Amino acid sequence: PKIPWSLPSEMENISMDHSAFISCDTRQRCPLCGRNRKYYCYSCLQLCGLTQEDVPSVTLPIECHIIKHLDESDSKSTAVHAYLLSKQVSMFDFPGGGLPPYTSTGDVVVCFPYKHATTVSQYCEEIRDGKRKTPKIVLVLDGTWSNVQQIAPVYTGYPAVQLTNHKTAFWRKHLKHTPNSHLSTIEAIYFFYKEYSEAMSLPNTSLLDKLLFFFSFQHSLHQKLPIMAMKFDPEVLAYLKLTFTDKQLQSILEILPLPPRWTTIRVNTSCYDRETVKLELESILDSRYSIQNHSVLNDVLIVCSKQKNSMNSTSYGKVIIDQKCGKAVLRGADVFAPGIKGLPHLKSNSSVSVHIDLSHKCKRGEKNFAGPTAHIADGVLKMNRKDIFKNMVKSGVAVKVTGRHVDVPCLNNVLEKQMFLQNLPSIVTSHVLDPQPGEVILDMCAAPGGKTTHIAHLMQDTGTIIALEKVGHKIDKIEKNILKQGLKSIRAFKWDATNAFSETSISVTCPPFGREVFDRILVDPPCSALGQRPQLSNQCRISEISSYPAYQWCFVADAIKMLREGGTLVYSTCSFPVQENEMIVVRVLDTFPEMELVAAEPRLGGPGFPVKGLMEEHASLVQRFTPQHGGVDVDTIGFFIAKFKKLRQSGL
């Protein structure tokens, strides 16, 4: 996959209207050569599907001549961008096309790093001092480094400038393993004119940003490229189309393999102050990470990298890891020994690139796996083949990660008592439940304990929280989290929550429970988990996914019986299908007239989707998180939250 580089700081704040591209999202025939092209024909230098009114017109302070080496692929060159955007740009071919004739070397400045080249600012200073003429033309050489070496000798005697302190954002650079300082042609043209105009104090220098019209749009497309497009069983896809439009579904399939760019941290506020934890975290993390308070949730910190991608461009030895390990690495973990499937002969402390096995076909111990992979991280090897495959080391960091496809921090074992890593919608869920000190609360499906412990903190660790989980090792995780955070109000039971209710029970301390026992109940039942991220593959069949709504109903129906009059029930899933979400809400309202749907607040998600039986006003009361690129409140996992109040006792 093409892995893009973040825009350098001098381009980050450029705002461009790209709405014209939306209306010509399919290939069009070039009016000259007849080939199918998208946006423009790079061979004929013609717009395709766009009119001249759709693209900006850039006026340059001096003419630009571009000499393009014919060995440079038309489709890879960005020189065409400048030609299409400014009438002051001319293009010439080498060899064979004839070089532009110049009568005076003083009229031309060559943008090329000759030994005698100066910086643009030095060159402009010499013009102001009268030591040089104001140039009429800037000459730019377009091609690979070896290509332009053939053109450069022709212009050795001309004044020359070189561009320094700029980093490329060109998406093909990673594939070519060239240094960050090697600019694409349009970047070189843009930076020259920008530096020249500013040094000569020319007006309207911001208008030169329009030279990046095509470049910034194409960069944004590559920036959103997924590691891989998510694939589902065709019947599962058809099932999802009952929830989403084709366009919505395609967007979701592309974002699912990526982790959210924002790392959300819940501070254990019953024991620690958010600002104090923030300061401690700032002292631990690298300076490239910014830490902010969430604007709505007073117990949440947001960590985000100042660069979207922190991987290196150098070609390293490939370490192949399984998908379970890949998910952990994408969310900030190092590579641990059990996750490695393939590794060439490399010494410890070698630089390596980390790749996920997308086909599940890499055999343990392979040296040179040739199957499909996705490059997700770079790092330093801490164990060699002998350690991993012969000595069978079963724990420990095998690769210390130094850069990731999505630059999220490694927070393993960091301030474990003070904070808890948790997806934003999960944090919202506990706030929606709104537990109060001294109440009796049931968390029906509690593992791994994130929401359970959050509820305890919101209650100032007073009252009683019953946490149920039927799987033994998951109960261990809950109890481990309770112990880490020093909580006393939680009682965890290994118990199948579908058997939590008994009509004859009078117990209020251990399952099974009778009627009208709990002030609040959280029902976060097993679901198809289609909203989880990163999600690299999904082998679920339609028979499994379509079985969840009936299973989830068992939890909801019993929860309502155990809920006191005036009590609150919150229902949540990390899945997309309306059958597991909005249609459960409809069934509750139809089956239990004593239950009222109320606003799920604080509100960070969007409204529910329209389904039969769910009025628009009801859809506006629930919260649905549909992942998309953007800020912390939208770049999340997929999630659903609904909140009910019990108006009277059941059966009355």
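In the predicted model described here, eight of the nine residues of helix H14 (residues 450-458) are buried, so this helix is largely enclosed by the rest of the structure; buried stands for a relative accessible area under 20%, exposed for over 50% and partly exposed for values in between, with a 1.4 Å probe and protein chains only. Helices (H or I, at least four residues) and strands (E, at least two) are DSSP runs numbered from the N terminus. The buried set of H14 consists of Gly450, Lys451, Thr452, Thr453, His454, Ile455, Ala456 and His457, and just after the helix Gln460 adopts a positive phi of about 60°. Residues are numbered from 1 along each chain as its sequence is written, and side-chain values use heavy atoms, with hydrogens and water left out. Because this is a predicted model, local features need pLDDT of at least 70 and side-chain atom pairs count only at pLDDT 80 or more, whereas totals for chains, interfaces and linings use all residues.

Burial also marks strand S10 (residues 263-267), in which five of the five residues are buried. Both faces of S10 are covered, with Thr263, Ile265 and Val267 on one side and Thr264 and Arg266 on the other. Two strands are taken to pair if DSSP finds at least two bridges between them, and by this criterion S10 pairs with strand S12 (residues 300-305) in the antiparallel sense over four bridges, Thr263 having Val303 of S12 as its bridge partner. S10 also pairs in the antiparallel sense with S19, over three bridges, and here Ile265 has Leu421 as its bridge partner.

Elsewhere, six strands form an open sheet of mixed pairing in the order S14-S18-S17-S16-S13-S15. Strand S14 (335-336) and strand S15 (340-342) stand at the edges, each with a single partner strand, so one side of each is left without a neighbour in the sheet. Within this order, strand S16 (residues 351-357) and strand S17 (residues 373-381) run antiparallel and are joined by seven bridges, with His355 standing opposite His375 in S17.

The nonpolar cores were defined as sets of buried Ala, Val, Leu, Ile, Met, Phe, Trp, Tyr and Cys residues joined through side-chain atoms within 4.5 Å. The largest of them has 56 residues, and those with the most contacts inside it are Met444, Phe518, Ile521, Val523, Met562 and Leu569. Helix H17 (residues 548-562) gives the most to this core, with seven residues. A second, separate core of 44 residues includes Leu47, Val120, Tyr190 and Phe214. When neighbours within four places in sequence are left aside, Val523 is in contact (heavy atoms within 4.5 Å) with Met444, Phe555, Val556, Ala559, Leu569, Val570, Tyr571 and Ser572.

Another residue examined individually is Val148, found in helix H4 (residues 145-151). Val148 counts as buried at 4% relative accessibility, and, not counting residues up to four places away in sequence, Val148 touches Phe112, Leu141, Asp142 and Gly143. The C-alpha atoms of Val148 and His69 are separated by 7.1 Å, although these residues are 79 residues apart along the chain.

Several loops contain backbone features of note. A cis peptide bond with omega of about -10° joins Phe94 and Pro95, and Pro95 lies in the loop between strand S6 (89-94) and strand S7 (108-111). The peptide bond from Arg533 to Pro534 is likewise cis, with omega near -10°, and Pro534 is placed in the loop between strand S23 (518-523) and helix H16 (542-545). Ala529, in the loop between S23 and H16, is not a glycine and yet has a positive phi of about 55°; Ala529 is partly exposed, with a relative accessible area of 24%. Leu415 has a positive phi of about 45° although it is not a glycine, lies in the loop between strand S18 (397-404) and strand S19 (419-421), and is buried at a relative accessible area of 14%.

Grid points were joined across faces, edges and corners, and a volume is the space filled by probe spheres set on the points. The count comes to one cavity of 30 Å³ or more, and the largest cavity has a volume of about 50 Å³. Its lining is formed by Pro260, Trp262, Thr264, Arg331, Asn423, Leu424, Pro425, Val632, Asp635, Thr636 and Ile637.

Terms used: 1 Å grid on protein atoms, 1.4 Å probe; cavity = no way out; pocket = protein on both sides within 12 Å on 5 of 7 lines; lining within 4 Å.
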